[in-house]
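The sequence and structure come first.

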Amino acid sequence: MKKRFYITTPIYYPSAKLHIGHAYCTTLTDVFARYKRLRGFECYFLTGADEHGMKIEKNAAAAGKTPQEFVDGIVEGFYKLWDLLKISNDDFIRTTQERHTKVVQDIFSKMLANDDIYLGKYKGWYCKECEAFWTDTQAGPDHLCPDCGRPVQMAEEEAYFFKTSKYVDSLMKFFDENPKFLVPESRKNEMINTFIKPGLDDLCVSRTSFSWGIPIRENPKHVIYVWLDALTNYITALGYDSDHPELFNKFWQDPECETIHILGADITRFHAIYWPMFLESLGLRKPDREFVHGLLMMKDSKMSKSKGNVVDPYPLVERYGVDAVRYYLTREINFGSDGSFAPELFVERINQDLANALGNLLNRTVSMINKYFDGVVPGYKGRINEVDGNLEDLTKLTIESYERLMDDLKITDAIAQVNELVNRANKYIDETEPWALAKDPEKKANLESVMTHLANSLYVAGMLMKPVLVTASDKLFDQLGVTGDLLNYDKIKQYGIVSGLKVEKKDQLFPRLDAAVEVEYIQSLMANNK
Ligand code: ME8
């Protein structure tokens, strides 16, 4: 196991406000970063904004602003959203910052100097929306962009090219030697079959058709291709090629640090093929893992800013709270597969898992400990009977499987395990019937045992949910009396440690939502976004 983690999200385009798809990627990345920190690892988490390109230049002009004014306004919204969602990033890079632009120019110069970039002529099918050139095969007989489905145009221009041909064999070798580099595995096959096997053209890495980009120092009428500009953010943010390379040495070059990029399936090609090639050209380490998550669909097509079919995360967080939104995104949409945002499922998840299961378990446990034991968790007596033993075993097993799944970025499955533990603990109350045990003085030891096991499973569930339920887990701990040393993750492995805690009943963690009212409300939000 490596000592440190560097984890990144894509840097999003500030061409319009962010939608729930961006919130999904950033939240899941945040859950992973928080999980690693909770387990005691040093973790550096980067997100940011990809501010150059033709689309931004066009949108700014349409809004009557300079591109910089335009992106400044939108990036304010990024900050606000990440703040609202309690994203724990350590840095936020903007590709218009000098710490980035200057280094990107240096990178281009290095590649030019070592002959990896040359000046030539580009002719191909160009998608204006995606700012990508496509080959005949990729554009197909209908000449459509394989990414966004829009018509592409034949375009020709003098341009600089990156010699991908020089790095293809080495990339294939890298894939073979690092089977965990690109996950899910199906993404790697897709890359090989769709792009590499048909023959990869050299990549056009400059543009002259617009000016909102980083000029090439040696030939300033060209701006650097937005993807060469954008991908390098992962190292410029760490101070690569600067007077302060400490973070870069620690979180990129050091093999003791695991570098993980989280990205959506729409941008796999750039990350899995070109990025390792650029790094090799610069003589740098490649990332350890790229995890490709699925896309959220709306009415059978990808939710995207340019299609205008988006769900706005801001009002959702404002109305339902940060924990509810984070929980839904983590638990409902399997990380790695495509999914969809559905108002009914959103409300159902909150009601079932958070209000009925977790909230209720806390409520019942704290009330009973108050009622039967003056608010103090009784001493741990081991396994008084089989049903206690079952809950204890499940609690221990849940910790193990949660860690294994989380480490493997199977975040949805890991949280599902915690959910199962909570459901099991609720069932355990029904099975043990503490209210009946309380009536029989001979059953006092059984009643004590039930309370201790319940408090223990809540303590464990609260800790395992901490990366997701960033405010509710603290409230849960507050009611359960968990403080000081017990806030250390590893303490959950000492079964029975909750004995002696002083519980205190407070507000419900998650009030139950009126499904019909809330579904209608969310639908009205979605309709307003059309
Ligand atoms: O591509 N469902 O930026 P972008 C889930 N600037 N995730 C989604 C999504 C959806 N419907 N839509 C977007 C860019 N995302 C480049 C990235 S990185 C060096 C440069 C998420 O604003 C998903 O993670 O279009 C996707 O890969 C990313 O946002 C694309 O964001």
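## A salt bridge and the interface

D407 and R39 form a salt bridge, with 3.9 Å between the closest N and O atoms; the term stands for a side-chain nitrogen of Lys or Arg within 4 Å of a carboxyl oxygen of Asp or Glu. Between domain 1 and domain 2 the count is 4 salt bridges. The interface of the two domains also has 4 residue pairs in polar contact, both residues at pLDDT 80 or more. A polar contact is a pair of N or O atoms within 3.5 Å, where within protein one must be able to donate a hydrogen and the other to accept it, and residues adjacent in sequence count only if both atoms are side-chain atoms.

## Basis of the values

The model is predicted: local features need pLDDT of at least 70 and side-chain atom pairs pLDDT 80 or more, while totals for chains, interfaces and linings use all residues. Residues are numbered from 1 along each chain as its sequence is written, and side-chain values use heavy atoms, with hydrogens and water left out.

## The two domains

The domain assignment gives domain 1 (4-293) and domain 2 (346-493), with bounds from an automatic or database assignment. Their C-alpha centres lie 43 Å apart. In contact (heavy atoms within 4.5 Å) are 14 residues of domain 1 and 15 residues of domain 2.

The domains bury about 1,400 Å² between them, 69% of it on carbon and sulfur atoms. In domain 1, Y35, L38 and R39 lose the most area to domain 2, together 40% of what that side buries. Buried area is the accessible area (1.4 Å probe) that two parts lose on being put together, summed over both.

## The second largest pocket

A pocket is an open set of points on a 1 Å grid over the protein atoms alone, with protein on both sides within 12 Å along at least five of seven lines; a cavity is a set where a 1.4 Å probe fits but cannot get out, and lining residues have an atom within 4 Å of a point. Points are joined across faces, edges and corners, and a volume is the space filled by probe spheres set on them.

The second largest pocket has a volume of about 370 Å³. Of its 21 lining residues, K180, V183, R289, F291 and D408 lie nearest the centre. Each of domain 1 and domain 2 supplies at least three residues of the lining.

## Cavities

The count is 2 cavities of 30 Å³ or more. The largest cavity holds about 40 Å³ of space and is lined by Y13, H52, K55, I56, E129, C130 and E131.
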